[in-house]
There are 2 protein chains.
Amino acid sequence: MGIAQWEPLPRYRLCDAAVDRIRQMIDSGQLKPGDRLPPERDLAERLGVARSSIREALRILEGMGLIEVRPGAGIFAREPSEQALREAWANWLRRQREQVMDLLEAREALELRAATRAAERISLEELEQLASLVAQMESYVVSGDVSGIVRCDRAFHDTLCRASRNQFIATLSATLYDALDEARTSVFTVLPQVRSALAEEHRAILEALRQRDIPALERAITYHMESFRKDIRKAVEISQERGVENG
Amino acid sequence: MGIAQWEPLPRYRLCDAAVDRIRQMIDSGQLKPGDRLPPERDLAERLGVARSSIREALRILEGMGLIEVRPGAGIFAREPSEQALREAWANWLRRQREQVMDLLEAREALELRAATRAAERISLEELEQLASLVAQMESYVVSGDVSGIVRCDRAFHDTLCRASRNQFIATLSATLYDALDEARTSVFTVLPQVRSALAEEHRAILEALRQRDIPALERAITYHMESFRKDIRKAVEISQERGVENG
DNA sequence: TGTTATAATTGGTCATACCAGCAGACCAGC
DNA sequence: GCTGGTCTGCTGGTATGACCAATTATAACA
């Protein structure tokens with residue numbers, strides 16, 4: 001019987017209680033995605049609290065991604081989405097910037113797995129989609145449209161991960177992709193020559209997927225990630241040199 | 001130029017603006033963990049908004065795990081923690097229970113990577129620690145202390161992931177481990193015979209780590225995860241049968 | 001010096017009021 | 001028949017001021 005018994009008593013705020021109640025209704029299926037909740041004033045009256053408490057509860061639920069508030073229209077239960085998850089990750093990563101390499105390693109592990117799964121399960125439509133994304137990226141490389149290249153890159157990885165039919169890995173990978181945004185932008189800006197290499201690497205991944213050649217696929221993904229790693233290091237060096245020159 | 005231009009215009013609320021401002025102060029280091037923020041009334045006056053708006057902002061920041069509110073004492077910037085991250089995962093998982101297998105696959109990919117990295121970098125102390133955890137688990141298996149087994153299991157995986165020297169993978173794995181808590185409990189409860197198997201699998205992983213034998217390590221981890229998968233399926237079947245009997 | 005009573009501070013809650021934007025109904029004009 | 005304008009009630013967003021309860025700081029006391 002120990003220590004934990006003397007922790008401070010839980011101090012419920014009304015808004016937390018309201019959060020619990022509403023969350024419970026969502027969990028139990030009484031409120032399905034898209035359903036409209038009663039107006040704030042009604043909620044306040046029904047739960048017997050002031051409107052301000054309800055509003056604070058709504059902010060919390062909003063942060064959890066459980067509801068969507070549309071001014072003038074009402075409050076709606078939300079389609080389960082990865083939004084909140086990504087935000088939480090982004091918050092966590094915000095303070096771990098120096099660990100880009102660690103992050104990349106995690107992403108490599110996940111994407112490797114996603115790719116091998118995708119090789120077993122990918123549909124012809126998805127293969128075509130990937131092919132068109134590669135072609136599109138190649139044209140962007142020619143025209144020098146960086147933002148287009150980035151869009152294609154992201155779409156390629158998204159499609160690939162979704163093809164794994166593992167939504168967790170897809171969500172997680174997408175989150176990590178977001179987290180690497182800054183590094184990616186820096187690489188593309190500082191090292192223009194990587195753009196064409198990127199397209200080639202995507203094409204290699206695509207070909208391996210087409211052949212269902214898993215060893216080749218693993219090589220292609222590993223190479224892709226490794227070259228990104230190298231590029232990041234290079235980009236960091238270069239911007240440091242420039243920093244020295246300018247400072 | 002396209003489509004994205006016609007998304008709905010952003011609609012700022014004052015509380016969101018306040019969140020941004022305060023978050024910015026935390027990000028930039030002006031507010032360090034443990035620092036006390038001005039009282040709500042001061043914040044309201046300084047930012048030129050009503051106290052109610054500030055309070056809504058505080059609920060959001062609280063949900064993000066960036067601050068801690070102590071009634072009567074004040075508002076404090078919080079030590080960065082994975083708390084919010086885990087909550088976000090828990091929320092996400094709440095509606096995706098059927099995807100336990102997907103989750104397990106993601107964890108397998110990560111832990112595989114963590115283990116191979118750990119094989120290169122693990123210290124003797126950590127190896128000893130793992131050994132003692134395995135021994136401890138074996139004794140718990142004998143005495144039938146389920147909660148002890150679970151503790152050892154968790155500590156084993158934690159130590160292993162930390163030994164990878166990739167904090168990111170370690171955090172991620174720990175989060176996924178938490179997410180599988182329910183399934184794990186169910187397995188241990190419904191299938192008591194898996195307990196000794198678990199200890200053996202851990203010992204196999206430990207031995208492979210000791211020998212720095214990466215192929216054997218990969219086999220051991222894969223086997224460990226695979227047997228957990230099977231056990232979950234079995235546990236689900238059994239509890240469904242019981243459900244049929246009782247219903 | 002150490003303890004206790006008291007005051008000030010601070011978050012939690014409530015009530016009320018007003019504004020701005022949405023939704024739907026209704027109507028005129030092409 | 002469709003478009004666009006207008007009106008109206010509802011809904012969320014914001015502000016204000018008040019009070020409570022718990023914490024903290026302060027002063028008074030033994």
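Modeller: A residue is near a molecule or strand if its C-beta atom, placed from the backbone, lies within 6 Å of it. This model is predicted: local features need pLDDT of at least 70 and side-chain atom pairs pLDDT 80 or more, while totals for chains, interfaces and linings use all residues. Residues count from 1 along each chain as written, with chains lettered from A and ligands numbered from 1 in written order.

Biologist: Which element gives the most residues to the surface near DNA strand C?
Modeller: Let's start with the 19 residues around DNA strand C, where Leu14(A), Val49(A), Ala50(A), Gly72(A) and Pro39(B) come nearest. Two or more residues each come from α1 (14-27) and α3 (51-63) of chain A and from β3 (74-77) of chain B (helices, H or I, at least four residues, and strands, E, at least two, are DSSP runs numbered from the N terminus). With three residues, the top giver is α3(A).

Biologist: How many residues of that surface near DNA strand C are charged?
Modeller: Asp, Glu, Lys and Arg count as charged, Ala, Val, Leu, Ile, Met, Phe, Trp, Tyr, Cys and Pro as nonpolar, and the others, Gly among them, as polar. Ten of the residues are nonpolar and five polar, and the charged ones number four.
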